Amino acid sequence: MSATAPAKIPLLDLSPEINELSAEINAAIQSVLTNTQFIMGPNVKAFEQECAAYFGVKHALGLNSGTDALILGLHAMGIKPGDEVITTPFTFFATGEAVSHFHATPVFVDIDPKNFNLDLDQVEAAITPRTKAILPVHLYGQAADMDPILALAEKNGLKVLEDVAQAFGAEYKGRKAGAIGDAGCFSFFPSKNLGAFGDGGMLITNDDAIADSVRMMRVHGSRKKYFNEAIGVNSRLDEIQAAVLRVKLPHIDRFNDGRRAAAHRYNELLGGLEHVTTPYEESFGKHVYHQYTIRIGAGKRDAVQAKLAEDGIGSFIYYPVPLHKLPVYLGMNLTFPLAEAACGEALSLPIWPSIEPAIQERVAESIRAAVR
């Protein structure tokens, strides 16, 4: 090994990033405490403007969470009971939950096993007269293949809402993920590539009507205080979280570069290892590795995870159960072999922007010992 790795290795270590920026973060938080504008203050407005500039879009709207961004985005697109939204079963529950919130139907299709994202051939086959939108997920930080999705949407008069919760800064053919479809939804959960110190989310769009709807709905359905036009929600990005995110935003591309470098190091350490498949990085985009997720075949995944735990190394299964096998969707009686296989083989390894090579070498050594 090139250096000594710590005795315990977490799945994610936020401390290097926080320590580097602590003086700026503390000053930003103190400024909020000093001006006492805690709700929809100047930091929220400035962060929205900075994100709009980063993504090259007209509108960026701070919200309480990535889940709220999905729900309000679908509402703005007119999703109602009986409608269908095509999406993936291999994702966090919020993706399907947002659709079901409207008593609409999430129409799941299987995944491309190379990149874990939607199988585009199956998307086209799933379109019916009731389909109103496609909801691709840029899983683990890898952009979905958006051009064919956009072509299908245009051909069939559908909206496209991007779930970018795991892919802030990812790119597709030179365009930022989230700024490609009709709207993009982001999470600032602390573990995300751009993470707050609590919950937070955002929707971005170039569509004035979508922006106007989300802007109104996030404050109880009102454009003017106390003059409520619709039954909305309370979903506002917190001012302190916006202040923290503003400090981090200028560093996001550098942090993502660190994640990519770490991923490529893992690829070298694990490449060619029997039963282990390293992530496939599509040539059309820039993967930002929110998670570095390998596949472990031959039924060895759980044994590998157990060995990592025995060696003091954190790992996690994203996701152990596909959405169509969860209790709320079991009645749909669906089966998607490729998503189900991924649930039995996927394992995410420790990764963060400044992870040390010695740590990665120790992780790889433990995996090699487990699959021998």
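This is a guided tour of the structure, stop by stop, with what to select at each.

The model is predicted, so local features need pLDDT of at least 70 and side-chain atom pairs count only at pLDDT 80 or more, while totals for chains, interfaces and linings use all residues. Residues are numbered from 1 along each chain as its sequence is written, and side-chain values use heavy atoms, with hydrogens and water left out.

**Helix H6**

Select residues 146-156, which form helix H6. Helices (H or I, at least four residues) and strands (E, at least two) are DSSP runs, numbered from the N terminus. The buried residues of H6 are Met-146, Ile-149, Leu-152 and Ala-153; buried means under 20% relative accessible area, exposed over 50%, and partly exposed in between (1.4 Å probe, protein chains only). Why do they lie on the same side of H6? They lie there because they cover an arc of only 125 degrees around the axis, the arc being that of the directions from the helix axis to the C-beta atoms. An α-helix has 3.6 residues a turn, so residues three or four places apart point the same way. Turn to the other side of H6 to find Glu-154 and Lys-155, which are exposed.

Next, show helix H5 (120-126), strand S4 (131-135), strand S5 (159-163) and strand S6 (171-172), against which the buried residues of H6 pack. Contact here means heavy atoms within 4.5 Å. Gly-157 follows H6 and has a positive phi, near 65 degrees.

**The sheet S7-S6-S13**

Three strands form an open sheet in the order S7-S6-S13, with antiparallel pairing. The edge strands are S7 (175-176) and S13 (285-286), each of which pairs on one side only. Two strands pair if DSSP finds at least two bridges between them, and S6 and S13 have two, in the antiparallel sense. Pick Tyr-172 to see one end of a bridge; its partner in S13 is Gly-285.

Lys-173 is in the loop between S6 and S7. Phi of Lys-173 is positive, near 50 degrees, in a residue other than glycine. Lys-173 counts as partly exposed because its relative accessibility is 48%.

**The largest pocket**

Center the view on Phe-92, Ala-165, Ser-187, Phe-189 and Lys-192, which are the closest to the centre of the largest pocket among the 26 residues that line it. The space in this pocket is about 450 Å³. On a 1 Å grid over the protein atoms alone, a pocket is an open set of points with protein on both sides within 12 Å along at least five of seven lines, and a cavity is a set of points where a 1.4 Å probe fits but cannot get out; lining residues have an atom within 4 Å of a point. Grid points are joined across faces, edges and corners, and a volume is the space filled by probe spheres set on the points.

Helix H3 (66-76), helix H4 (93-100) and strand S8 (183-187) are the elements that give two or more residues to the lining. By class, the lining has 11 nonpolar, 12 polar and three charged residues. Ala, Val, Leu, Ile, Met, Phe, Trp, Tyr, Cys and Pro count as nonpolar, Asp, Glu, Lys and Arg as charged, and the others, Gly among them, as polar.

**The cavity**

How many cavities of 30 Å³ or more does a search of the whole structure find? The search finds one. The largest cavity has a volume of about 70 Å³. Select its lining, which includes Lys-114, Phe-116, Tyr-140, Pro-279, His-287 and Thr-293. The classes of this lining are six nonpolar, five polar and one charged.

Stay on Tyr-140, found in the loop between S4 and H6. Tyr-140 is not a glycine, yet its phi is positive, about 65 degrees. With a relative accessible area of 3%, Tyr-140 is buried.

**Strands S14 and S15**

Thr-293 leads on to S15, where it stands opposite Ser-348. S14 (residues 292-296) and S15 pair in the antiparallel sense over four bridges. Both faces of S15 (residues 346-349) are covered, with Ala-346 and Ser-348 buried on one side and Leu-347 and Leu-349 buried on the other.

**Two loop stops**

Ala-230 is in the loop between strand S11 (227-228) and helix H8 (239-248). Not counting residues up to four places away in sequence, Ala-230 touches Met-216, Met-217, His-220 and Gly-221.

End at Tyr-319, in the loop between helix H10 (301-310) and helix H11 (337-345). A cis peptide bond joins Tyr-318 and Tyr-319, with omega about 15 degrees.
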